[in-house]
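Have a look at the picture, then read on.

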Amino acid sequence: MRDVVSRARVRLLRRPGRTVAVVLALAVATAAVVFALQAYRASTSLERAASQAEQLQTQVVAGDISAARATLSDLRRSTARARNETDGPLWAVGAKVPWLGRNVSAVRTVAATLDDVTTQALPPIVNVSDQLNASAFSPQGGKIDLATIQQIGPAVGAADRSLTAARSRLSAIDPSELVGRLRTPVERLREKVKTAQTSAASAHVAAQLMPQMLGAGGERRYLLLIQNNAEIRATGGIAGAFAVIRANRGRVAVERTGSIRDLPPFAAPVLPMTGDEKTVFLDQLVRDLRDVNVTPDFPRSAQIARAMAEKQLAIGVDGVMSIDPVALSHVLAGTGAVKVGDGLTIDSTNAVEVLLNSVYRKYPDGEQQDAVFAASARKIFETVTSGSADPRKVIEGLSRSVSEKRLMLWSKRSDEQQKIAATGIAGAFARDDGASPHVGVYLGDAAGSKMQYYLDYSTVMTATRCLEGGRQEITTTTELTSDAPEGLPEYITGNGKLAPKGDMRMFAWLYAPHGGRFTSIKLDGTPQIITTARLHGRPETTVEVRLARGQTRTLSTTVISGPDQEADGIFSTTPGIRTSGGDVTVPSACR
């Protein structure tokens, strides 16, 4: 027996290459088994964590702090396991293997990021979950509890910081480069973290601003503009109706309502126009409340509207808000039906039709129409502030309105406005593209009609080529259709002086990215003149578009972005009756 063993040893010694190969093969096989086992355990832990996170969200919303703490403990164990399983030497080596490496790195990043979120972002939120619910940010009996908002501020801030870091780490992963089984889960996770971070950031800003903006340090007054999308403007529609809202130590109330009759056009500009504005707009921008939002930059519109209100109404205005009837319909989902007088009731299903169309059929007199707008705004506001509405649905409606750029806010105080500017509620025009080229298509009625209730439009933006210097070629195609019926009253069609009754006459304000330029603009295939106008440094060209009943027209543009704008593009447009105005991300051509 010893001789047999000895001969075997001699054979192995005589063939060292084969021995090494066998050992390496066994090592690789063992490593593969261990790697697969760790991957399975990590996957199982992450799946368990996803389920626990859903449960935790429900408990936090319900304010069940004891159950939330128990679930958080289980969730932390799950994410810690996933992180530990993907943090060994095999995973470090695997991350460097061609092709496989990016998938391994993605899994490691996901596991580590989720564990960081679980240990950093969620504990402070859970600890105040009995206070952190929709009611905390909602009025009760006409008053918001500012002390509660101040107490939850630090927790929301910690969550915001952690989720911002997590979003940044996950954004570095390109799902398109991953294997099929990883691609969809990673895309969903990125979107969920993005949504959570956006919500946390908004809540953080709200917790910082609400106490002071709602009068913790003294009385405040705000001008609320109600935009009418049936007569379209860049940020929505004409601001033909308004309300003045008073806030004092958390108590909010409508002080007065009014219309264009209370703020008629001024003979002289209330503020000087900038050099850029003079190249794009007429001076109605700074003389007529209905035209303050021909500019797509809401902070600028707000400054002008504030100057008008202070000059004509003789009141101090601390900030300006804007909302449209579509946003009001979102809020009505939480308030339920509201009676506005004269047998008229509006709810989430009919508010847009009533306020933007049938009111003109039922009431031919402009003062009656204004009264309906004012009564509707007041009644909805009073229902929300009374505390009788469903706070979660109201906040969901307001959040949706912000994402669609139907609800905007500006403060005259620079420290407050700086915080607002970092959120979607600012409604600001992009003045610095950074690496992302911004393109805009905005609309404005030019016939004094309410015909845009019947306007249907949509835009497709595509990054077609990556060019030298980090520039991109980008195209937009906008289709505009009129579905207006026959027999409309003159208050809707206009008097026929600026456009035939029943037709639409609009301006399309087109904006290219900073440092970029238009290379082609066509209407139904016919080239249009490209001007040298600019707004805040961005190239602008205005095109007149006329639409007859039932007609569809196509407006197309080609732009070259500025240098070093290789990131995904951003498209912005006017929020209409059916079209939302939220910023849309368009994949880069330079990937």
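What share of the contacts with a separation of 6 or more comes from residues 24 or more positions apart? In this protein, such residues account for 71% of those contacts, where a contact means heavy atoms within 4.5 Å.

A word on the ground rules. The model is predicted, so local features need pLDDT of at least 70 and side-chain atom pairs count only at pLDDT 80 or more, while totals for chains, interfaces and linings use all residues. Residues are numbered from 1 along each chain as its sequence is written, and side-chain values use heavy atoms, with hydrogens and water left out.

**The overall picture**

The protein has 15 helices and 18 strands. These are DSSP runs numbered from the N terminus: H or I with at least four residues for helices, E with at least two for strands. Of its 591 residues, 50% count as buried, meaning under 20% relative accessible area with a 1.4 Å probe and protein chains only (exposed is over 50%, partly exposed in between). The accessible surface comes to about 26800 Å², and carbon and sulfur atoms own 53% of that; the areas come from the Shrake-Rupley method with a 1.4 Å probe.

Two strands pair if DSSP finds at least two bridges between them.

**A strand tucked inside**

Now for β17 (residues 569–573). Five of its five residues are buried, so this strand is largely enclosed by the rest of the structure. Both faces are covered: G569, F571 and T573 are on one side, I570 and S572 on the other. β17 pairs with β8 in the parallel sense over four bridges, and T573 is the bridge partner of V441. With β18 (residues 584–586), β17 pairs in the antiparallel sense over three bridges; there, F571 stands opposite V584.

**Rings that meet**

The structure holds five aromatic pairs. Rings of Phe, Tyr and Trp (its six-membered ring) pair if their centres lie within 6.5 Å; planes under 30 degrees apart are stacked, over 60 edge-to-face and the rest tilted.

One of them joins F429 and Y511, edge-to-face at 5.0 Å centre to centre with 65 degrees between the planes. F429 lies in the loop between α14 (414–421) and β8 (438–445) and Y511 in β11 (residues 504–511), so the pair ties together parts that are 82 residues apart in sequence. Both F429 and Y511 are buried. Another pair is Y453 and Y454: the centres are 5.2 Å apart and the planes at 90 degrees, so this one is edge-to-face. Y453 is buried at 14% relative accessible area, and Y454 is buried at 7%. Finally, ring pairs link F429, Y442 and Y511 into a cluster.
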